[in-house]
Every structure is written in structure tokens, then in C-alpha cells.
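Dear colleague,

Please read them alongside the coordinates.

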Amino acid sequence: MVNGNQLTIKLYFYRDGIGMIQPYINWGIIYLSMAIQVGYGLARMNLGNAQQRREGEEHLYNSVYGAVLLAVFYIIYSKSNTIMAAVGSSIGLQSIAGNPAATFSLMFTSISTTLEGLYLGIIALDAAIVTAPLSVYLSQSTQYFQWMAQLALSNAWLFYVLSKIGNYSPALAGLGFDLIVLRHTRTWGGLLIATAITLPISTTLLASWASSISISMNFTNIAKNVEQILTGAYYYGTELQEFNIASELTLAVSGASIYGISRAIDDAGHQLL
């Protein structure tokens with residue numbers, strides 16, 4: 001029989017253990033991929049007939065091209081903090097978020113808790129005949145905040161997922177390498193490597209910008225604090241609107257970057273090999 005404390009300790013141990021071995025998993029996939037592809041090409045060159053040797057040579061050349069791309073990825077990945085600091089300073093960021101997933105998770109929790117308090121307050125006011133008109137007034141007057149908050153919830157969740165994927169960018173690059181060495185899957189390999197380059201930078205920069213957003217609204221005595229609630233709703237609504245705009249711009253720039261990098265990888269591969 002496992003009590004709550006033991007279960008909590010086991011869950012934290014599991015989470016922290018995965019966090020500690022994650023870099024080894026990421027780079028282990030890259031090294032294993034390179035060894036398998038180069039070994040396959042050498043085996044075809046030395047053990048097959050004339051046609052198989054030619055195919056082995058082509059596979060080996062493709063593997064070298066993929067290894068060059070991995071080297072480029074490693075340079076960018078190792079210098080990502082410097083890149084993000086330079087970009088962040090150019091757009092006025094004071095600091096760079098160390099854990100973008102935690103930032104988006106905290107924002108999601110803050111927004112959802114505030115919306116829950118607002119909706120419960122509206123329901124409570126509507127339950128009494130005397131305060132029912134105030135419920136309608138509060139609901140309609142905070143529509144702007146509700147729209148911005150609901151959209152911000154979607155964006156916070158989306159970038160939480162993207163930042164989690166970005167944590168495994170070396171593994172994505174390793175899988176992309178496996179696809180690049182095959183001519184008919186080179187486009188997909190280029191997309192994976194481009195995603196591995198772009199996601200960690202874009203999600204971290206957005207999280208760094210959004211880390212200053214903190215929503216705090218008091219719904220304990222909603223009938224007497226309606227004016228304060230409306231003022232706060234408008235103020236936080238404008239902040240969330242800016243976050244939503246920044247999220248859409250980040251998605252657009254990230255998508256364009258991924259497309260451009262993947263096309264460059266694909267076109268260079270077709271011209272060189």
C-alpha cells in the first residue's frame with residue numbers, strides 16, 4: 001500500500017530522473033543514427049555487387065551531408081543562449097526564461113483560475129433576484145477580458161506543448177538525419193532539423209517576454225468590488241491581447257523560418273548529391 005507522500009516522492013523521482021537522462025537520450029539518438037547510416041553505407045560498398053556499391057557510395061555521401069547539417073545544428077544549439085540574448089536585447093527583453101514550459105504552464109493556470117473565479121461570481125450574482133441585473137452587467141462588461149483570456153489560454157497551452165517538443169530538439173535533429181540520407185524523405189528530414197533549430201529559440205523568447213504578465217483579481221466580495229473588477233479586467237485584457245498578438249507573430253515567424261530552412265536543406269541536397 002503506497003501512501004500519498006510515497007507516491008509524490010516517486011513521481012518527483014521519476015520526473016527528475018527523466019530530466020537528468022534527457023540530454024543523454026537526445027544525443028544518444030544522434031550518435032546511434034550516424035553510426036547506423038554510415039555503417040550501412042560502408043557495408044553496401046564493401047559487400048555488395050557493382051550496383052550495390054554505387055548505392056552504398058550514394059548512401060555514404062548522403063550520410064556525410066546529413067552529418068554536416070548536424071554539425072551546423074550543434075553549433076547553433078550550443079550558441080542558442082548567445083543568439084537568444086542578442087535577439088532579446090534587440091527587442092527590449094531584460095532576461096531570458098530558463099524554462100519556457102514552466103512559464104506557459106504558470107500563465108495557463110493563472111488565466112484559468114481567474115476565469116473560473118469570474119464565472120463563479122457571475123453565477124452567484126445571478127442566483128439572487130436582487131443581484132441578477134448586476135450579474136448581467138458584469139458578464140457583458142467583461143466580455144473583452146473573457147475573449148482575450150480564452151484566446152490566451154489556447155496560446156499558452158499551444159506554446160507549452162511546443163516548448164516541451166523543443167526540449168527534445170537534438171532528438172528531432174537525429175531523426176531528421178535518418179530521413180535526410182534517403183532521397184525520397186529528405187524533405188521531411190529537413191523539416192525536422194529546421195524545427196529542432198527554430199522551436200527552442202522562438203518558444204524561449206516568447207516565454208521571456210510573457211514572464212512579466214501576472215493576473216490577479218479578487219472575487220471574494222464581488223458585489224462591492226465590481227468597479228475594481230472591471231478596471232482589472234480591462235487592464236489584464238490589454239495585457240493578454242498583447243500576448244495573443246505576440247503569440248501569432250511568433251507562430252508566423254517560426255513557420256516561415258522552418259519552411260525557409262527546410263527548403264534550403266532540400267535544395268542544397270538535390271544540387272550537391
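Helix 4 (residues 100-127) and helix 5 (residues 132-141) pack with their axes 7 Å apart and at an angle of about 150°, where axes are lines fitted to C-alpha atoms, for helices over the stretch in contact, and angles run from 0 to 180 degrees between N-to-C directions. Helix 4 and helix 5 are therefore roughly antiparallel, given that angles over 145 degrees count as roughly antiparallel, under 35 as roughly parallel, 65 to 115 as roughly perpendicular and the rest as oblique. Helices here are DSSP runs (H or I, at least four residues), numbered from the N terminus.

On the helix 4 side, Leu118, Ile122, Leu125 and Asp126 meet Ala132, Leu134, Ser135, Leu138 and Ser139 of helix 5, contact being heavy atoms within 4.5 Å. By class, this contact of helix 4 with helix 5 has 6 nonpolar, 2 polar and 1 charged residues (Ala, Val, Leu, Ile, Met, Phe, Trp, Tyr, Cys and Pro count as nonpolar, Asp, Glu, Lys and Arg as charged, and the others, Gly among them, as polar).

As to provenance, this is a predicted model, in which local features need pLDDT of at least 70 and side-chain atom pairs count only at pLDDT 80 or more, while totals for chains, interfaces and linings use all residues. Residues are numbered from 1 along each chain as its sequence is written, and side-chain values use heavy atoms, with hydrogens and water left out.

Helix 4 also packs with helix 6 (residues 143-166), their axes coming within 9 Å and crossing at roughly 155°, and these two helices are therefore roughly antiparallel as well. The crossing of helix 4 and helix 6 is left-handed, that is, the near helix is turned anticlockwise from the far one by less than a right angle. The residues of the contact of helix 4 with helix 6 divide into 18 nonpolar, 6 polar and 1 charged.

Helix 7 (residues 169-180) and helix 8 pack at an angle of about 165° with their axes 7 Å apart, and are therefore roughly antiparallel to each other; their crossing is left-handed. Among the residues that meet there are Leu172, Phe177 and Ile180 in helix 7, and Arg186, Trp188 and Pro200 in helix 8. This contact of helix 7 with helix 8 divides into 11 nonpolar, 5 polar and 1 charged residues.

The largest cavity contains about 40 Å³ of space, a volume being the space filled by probe spheres set on the points, which are joined across faces, edges and corners. Phe73, Ile76, Tyr77, Ser80, Ala196, Ile197, Pro200 and Ile201 line this cavity, and helix 8 (186-210) gives the most to the lining, with 4 residues.

The second largest pocket has a volume of about 390 Å³; of its 16 lining residues, Ser202, Leu205, Leu249, Thr250 and Val253 are the closest to its centre. Helix 8 supplies the largest share of that lining, 7 residues, and the lining has 11 nonpolar, 5 polar and no charged residues.

With best regards

Terms used. 1 Å grid on protein atoms, 1.4 Å probe; cavity = no way out; pocket = protein on both sides within 12 Å on 5 of 7 lines; lining within 4 Å.
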